[in-house]
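Hi everyone, thanks for coming.

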Amino acid sequence: MSDIKKIKDDFLLKLKGNLDLNQVNQIKTDLFGKAGLISSQFKMLGKVAEKERKKFASDLNQVKDELQNLISEKIDDIETKEINQKLEKEKVDITLPERPFTQGKIHPVSQVIDEISSIFSEIGFSVEEGPDIENEYNNFTALNTPDNHPARDMHDTFYLDDKKELLLRTHTSPVQIRTMLNDKPPFKIIAPGRTYRSDSDQTHAPMFHQVEGLHIDKDINMGHLKGCLNYFIKEFFEVDKIKMRFRPSHFPFTEPSAEVDIGYEIKDGKIVIGEGDKWLEVLGCGMVHPNVLINVKVNPDEFQGYAFGIGIDRLAMLKYGINDLRAFFDCDYRWLNHFGFDPIDVPTNYRGLSR
Ligand code: PHE
């Protein structure tokens with residue numbers, strides 16, 4: 001029996017066994033590797049007597065093809081078997097009950113911020129943002145509230161360093177400064193966000209939310225401020241008529257300044273906004289003080305306008321009947337499930353603007 005035939009028969013026998021992938025690969029190397037049996041036969045080709053060489057070469061090639069095909073088939077077989085075993089083990093049991101599906105809720109404060117943003121965007125305000133950590137200049141000095149000004153004490157500020165240069169912003173008004181320093185007038189922006197004061201009871205939390213408004217242009221007067229706030233309150237509470245009063249007040253960065261109250265009454269234990277003879281304070285506002293404009297390099301003889309700051313949490317409590325402010329920030333999942341909003345439950349006055 002020639003060498004070639006013997007090689008073939010030996011390997012046919014080996015390949016019949018129950019082999020794994022590694023073993024088959026080993027056989028492949030034994031035959032066709034650099035020093036493999038078939039490869040060695042090819043190397044011997046030159047030494048075979050001339051008249052036998054042709055037949056030897058053709059036999060060798062035939063055996064080579066045969067064994068190569070067998071090996072490929074064997075590898076295919078093993079791989080298919082492995083896949084089938086895996087499928088068998090991992091098959092899906094469609095009779096199992098589904099996993100419970102829990103959907104998150106939108107926090108009432110986020111919901112109200114979206115509603116406010118969409119109402120103001122309807123009348124041309126764009127939305128700006130500023131950082132929670134502010135410097136003392138933007139939060140106070142640039143807003144015409146110099147060092148030792150009594151208004152600074154009223155704010156119960158959280159300072160972040162001994163020199164009192166960095167702080168948690170006590171209101172969203174520093175975004176007025178940032179916006180005006182960054183751009184040229186006219187300005188027509190709102191800035192919702194978190195604010196901080198060292199205060200805590202049923203209606204005060206150390207972290208709360210405000211939305212700032214700022215409108216600066218060439219001919220802006222207090223009538224525009226009244227019109228804008230009147231429109232906003234009506235849209236927000238979804239009422240046609242609103243009772244509103246401007247009470248003289250003081251803010252260092254506005255002159256004149258006012259606080260705005262809205263009329264309400266209690267009917268069947270529920271607050272009804274816009275009627276009645278009770279008053280509720282909802283925001284502070286005024287005409288931007290010329291000193292503020294000078295601080296941000298806007299000429300007060302050419303430009304003027306109004307600003308306002310609305311307490312968002314207070315508005316959310318009123319609109320959605322929530323009576324303890326602290327519950328907003330307790331992170332109680334049951335509370336959020338009750339007062340939160342479904343992501344697809346779009347309010348009627350929502351006009352598509354998302355933060
Ligand atoms: N920043 C003021 C506050 O927090 C509110 C306000 C904003 C008043 C803008 C006037 C103008 O009390």
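Let's begin with Arg-197: an N or O atom in its side chain is 3.0 Å from an oxygen atom of the ligand. That falls under what I'll call a polar contact, a pair of N or O atoms within 3.5 Å; within protein, one must be able to donate a hydrogen and the other to accept it, and residues adjacent in sequence count only if both atoms are side-chain atoms. Gln-210 has a side-chain N or O atom 3.0 Å from a ligand oxygen.

Before I go on, a quick word on the model: it is predicted, so local features need pLDDT of at least 70 and side-chain atom pairs count only at pLDDT 80 or more, while totals for chains, interfaces and linings use all residues. Residues are numbered from 1 along each chain as its sequence is written, and side-chain values use heavy atoms, with hydrogens and water left out.

Back to the ligand. There are 14 residues around it, and the closest are His-171, Ser-173, Arg-197, Gln-210 and Gly-309; near here means a heavy atom within 4 Å. Which element gives the most to this shell? That's S10, with three residues. By class, the shell has five nonpolar, seven polar and two charged residues. In that scheme Ala, Val, Leu, Ile, Met, Phe, Trp, Tyr, Cys and Pro are nonpolar, Asp, Glu, Lys and Arg are charged, and the others, Gly among them, are polar.

So where does the ligand sit? In the largest pocket, where sitting means more than half of its atoms lie within 2 Å of the grid points. A pocket here is an open set of points on a 1 Å grid over the protein atoms alone, where a 1.4 Å probe fits, with protein on both sides within 12 Å along at least five of seven lines; lining residues have an atom within 4 Å of a point. The largest pocket holds about 1000 Å³ of space, a volume being the space filled by probe spheres set on points joined across faces, edges and corners.

Its lining has 41 residues, with Arg-197, Phe-208, Gln-210, Glu-259 and Glu-281 nearest the centre. S9 gives the most to that lining, six residues. The classes there are 18 nonpolar, 15 polar and eight charged.

Next, the second largest pocket, with about 380 Å³ of space. It is lined by 17 residues, and Ile-271, Met-317, Leu-318, Gly-321 and Ile-322 lie nearest its centre. H11 gives the most here, with five residues. This lining splits into 10 nonpolar, four polar and three charged residues.

Last, some backbone details. The peptide bond from Pro-185 to Pro-186 is cis, with omega near 5°, and Pro-186 is in the loop between helix H8 (174-182) and strand S4 (187-196). Helices (H or I, at least four residues) and strands (E, at least two) are DSSP runs, numbered from the N terminus. Another cis bond runs from Glu-255 to Pro-256, omega near -5°, and Pro-256 is in strand S7.
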